[in-house]
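Could you walk me through this structure in my viewer, one selection at a time? I would like to know what to pick next and what is there.

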Amino acid sequence: MNSALRFLIPLILLTICITGCNDGSDSDSSQAESAATTGRLFGASFQTMNNPFFVDLGKGLKNELEANGDRLVILDAQFNSLKQKNDLSDLILQGAAGIFVNPVNWEGLKGSLLEASRKKVPIIIVDAPVKKADEELIVCTVASDNVRAGELAAQALAKVNPKARLVVLHLSVNKACIDRVEGFKTELEQHPEMKILDVQEAQGTTEGARPVMRDLIGRYPDLDAVFAINDPNALGVISALDSANKLDRVTIVTVDGSQAGIKAIQAGKLHSTSAQFPQEIGKIAAEKMLAHLKGESVDKEVKVRVELITAENAEQYLESH
């Protein structure tokens, strides 16, 4: 054996050994990566994640999709229509197998729906419907019975304050809120002694409601009731009334059924909330998407139950949810 071979043979054996070791490591790494990326990618775009309702809605979607071996990415539009449009474009470019959308603006989603349709990405709308004319571009809508939620709020208010002089805190770019106010006003027709003094936009947030309510307190010193379109709005109303030492004179009714809202009922600060079931909405929406992808027929509109929560059933509701 010449001197060159004496150096080459150990080098070849070492290379074989290293290669063999590396093969095993790469295989493990590939398997781990594969496990992390198996299943189809689904996306969800919500108007905000700064509301427990949407956190729970996302859980409902995620649990159902992951049980099927798929993955879900949730994006926060931060109440910004342009951000939602860009988020949806990104999800479509990533090849999402389907997308769940909670519209920031129910009249401003058509461009994104057309883009998804061209790429054959199915869209399911959750919580807040889109325009009737745009429904041909979506698989279906899964949302609470928001008209009924508004009716329940008005009925609850009429029982304790049948001559209420009230204000409404609205979010009129959101169809779910439009339906709630419509249901509330329809029920009020049965109670002619109740009067709406004003309707104001309050962004659907605690921070948005607080200054609006402060202004309303100054303009309508005799107001004694408020219909806030969701629990975060109602919490802002409570804060403003508390600061003005008027909380004990005003009856507040709202919609959502969040933990914070129900605790406010138990504390005597909020009269009632028409509870929604966001995890149920998410679960049903995911089931509809999976059925659609299997080629099964899907109902165009699915309404999910709502339930009035007052001091009488607040504890029971918290224990069961």
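Two strands count as paired if DSSP finds at least two bridges between them, and the elements named here are DSSP runs numbered from the N terminus: helices (H or I, at least four residues) and strands (E, at least two). This is a predicted model, in which local features need pLDDT of at least 70, side-chain atom pairs count only at pLDDT 80 or more, and totals for chains, interfaces and linings use all residues. Residues are numbered from 1 along each chain as its sequence is written, and side-chain values use heavy atoms, with hydrogens and water left out.

**The sheet.** Start by selecting the six strands of the open sheet, which run in the order β7-β6-β8-β9-β10-β12 with mixed pairing. Colour β7 (195-201) and β12 (307-309) separately: these are the edge strands, and each has a single partner, so one side of each lacks a neighbour in the sheet. From one strand to the next, the twist averages 20°; angles run from 0 to 180 degrees between N-to-C directions, with axes fitted as lines to C-alpha atoms, for helices over the stretch in contact.

Now zoom in on β6 and β7, a parallel pair with six bridges. Here V167 stands opposite D198 in β7. Contact here means heavy atoms within 4.5 Å.

**The cores.** A nonpolar core is a set of buried Ala, Val, Leu, Ile, Met, Phe, Trp, Tyr and Cys residues joined through side-chain atoms within 4.5 Å; buried means under 20% relative accessible area, exposed over 50%, and partly exposed in between (1.4 Å probe, protein chains only). The largest such core has 31 residues, and V167, L169, M213, L223, V226 and I252 have the most contacts inside it. Elements giving it two or more residues include β6 (165-170), α7 (206-219) and α8 (231-243). Apart from it lies another core of 25 residues, among them F53, L65, A285 and V304.

Which residues does A234 touch, leaving aside its neighbours within four places in sequence? They are A228, I252, T254 and L270. A234 counts as buried because its relative accessibility is 0%. Its C-alpha is 7.9 Å from that of G261, 27 residues away in sequence.

Finish at D231, also placed in helix α8. With neighbours within four places set aside, the contacts of D231 include T254, D256, G261 and T273.
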